[in-house]
Amino acid sequence: MRLLVVCLGNICRSPMGEGALRQQIAQAGLAGRIEVDSAGTSDWHIGRAPDPRAIACAGRHGADISALKARQLLREDFSHFDLILCADQSNLDDARAIAPADSIDKAVLWLPWLGLEGPASVPDPYYGDERDFEHSWSLVDAAARATVQRLSATVDSGIIGP
């Protein structure tokens, strides 16, 4: 199973989502069975590390995202990844705009795909403060937990069995 977390610039929400997913995958004993990456729909920050506030926030929760580098979502990602987990509706629209016709459904709005109660989007904390990053972390962490649970319970996810 291959998952790609997507936000606008790939320096806040999606690297935190990648970190939270990696953490949950490891805790579930599924390391090596689920591949995780992140990308942004824009090209603004390609090659840059996550925002220092995102690195600090993830670090406070035990996830080291400091070595990640921003990259832009590519059309080819739709052939490599099984799911493209988008942080908000704008990211979903942008992702689907570049998707091959037969892969549009791979891009989903992450929180509603999981059926989580609460907001439909992970808000962008970039123009906010530490509280905004913590709020975004709480959402991606809950989403990561629910994603691992959902995939672990789905026979055709490719992560169940030998």
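Residues are classed here as buried under 20% relative accessible area, exposed over 50%, and partly exposed in between (1.4 Å probe, protein chains only). The structure is a predicted model, in which local features need pLDDT of at least 70, side-chain atom pairs count only at pLDDT 80 or more, and totals for chains, interfaces and linings use all residues. Residues are numbered from 1 along each chain as its sequence is written, and side-chain values use heavy atoms, with hydrogens and water left out.

Helices (H or I, at least four residues) and strands (E, at least two) are DSSP runs, numbered from the N terminus. Two strands pair if DSSP finds at least two bridges between them. An open sheet is built from four strands in the order 2-1-3-4, with parallel pairing. Strand 2 (35-40) and strand 4 (107-109) are the edge strands, each pairing on one side only. From one strand to the next, the twist averages 25°. Strand 1 (residues 2-7) and strand 3 (residues 83-86) run parallel and are joined by four bridges. Val5 has Leu85 of strand 3 as its bridge partner.

Helix 1 (residues 13-27) lies across strand 1, strand 2 and strand 3. Helix 1 runs at about 175° to strand 2. Such angles run from 0 to 180 degrees between N-to-C directions, and the axes are lines fitted to C-alpha atoms, for helices over the stretch in contact. Contact means heavy atoms within 4.5 Å.

Helix 4 (residues 89-98) has Asn91, Leu92 and Ala95 as its buried residues. Seen down the axis of helix 4, these residues fall within an arc of 100°, so they line one face of the helix. The arc is that of the directions from the helix axis to the C-beta atoms. The cover over these buried residues includes strand 1, helix 1, helix 3 (77-80), strand 3 and strand 4.

Cys57 is found in helix 2 (residues 52-60). Cys57 is buried, because its relative accessible area is 0%. Leaving out residues up to four places away in sequence, Cys57 touches Met16, Phe133, Glu134 and Trp137. Cys57 and Glu130 are 73 residues apart in sequence, yet 7.7 Å apart in space, C-alpha to C-alpha.

Rings of Phe, Tyr and Trp (its six-membered ring) pair if their centres lie within 6.5 Å; planes under 30 degrees apart count as stacked, over 60 as edge-to-face and the rest as tilted. The structure holds one aromatic pair. Tyr126 and Tyr127 form this edge-to-face pair, at 4.9 Å centre to centre and 90° between the planes. Tyr126 is partly exposed, because its relative accessible area is 30%. Tyr127 counts as exposed, at 80% relative accessibility.
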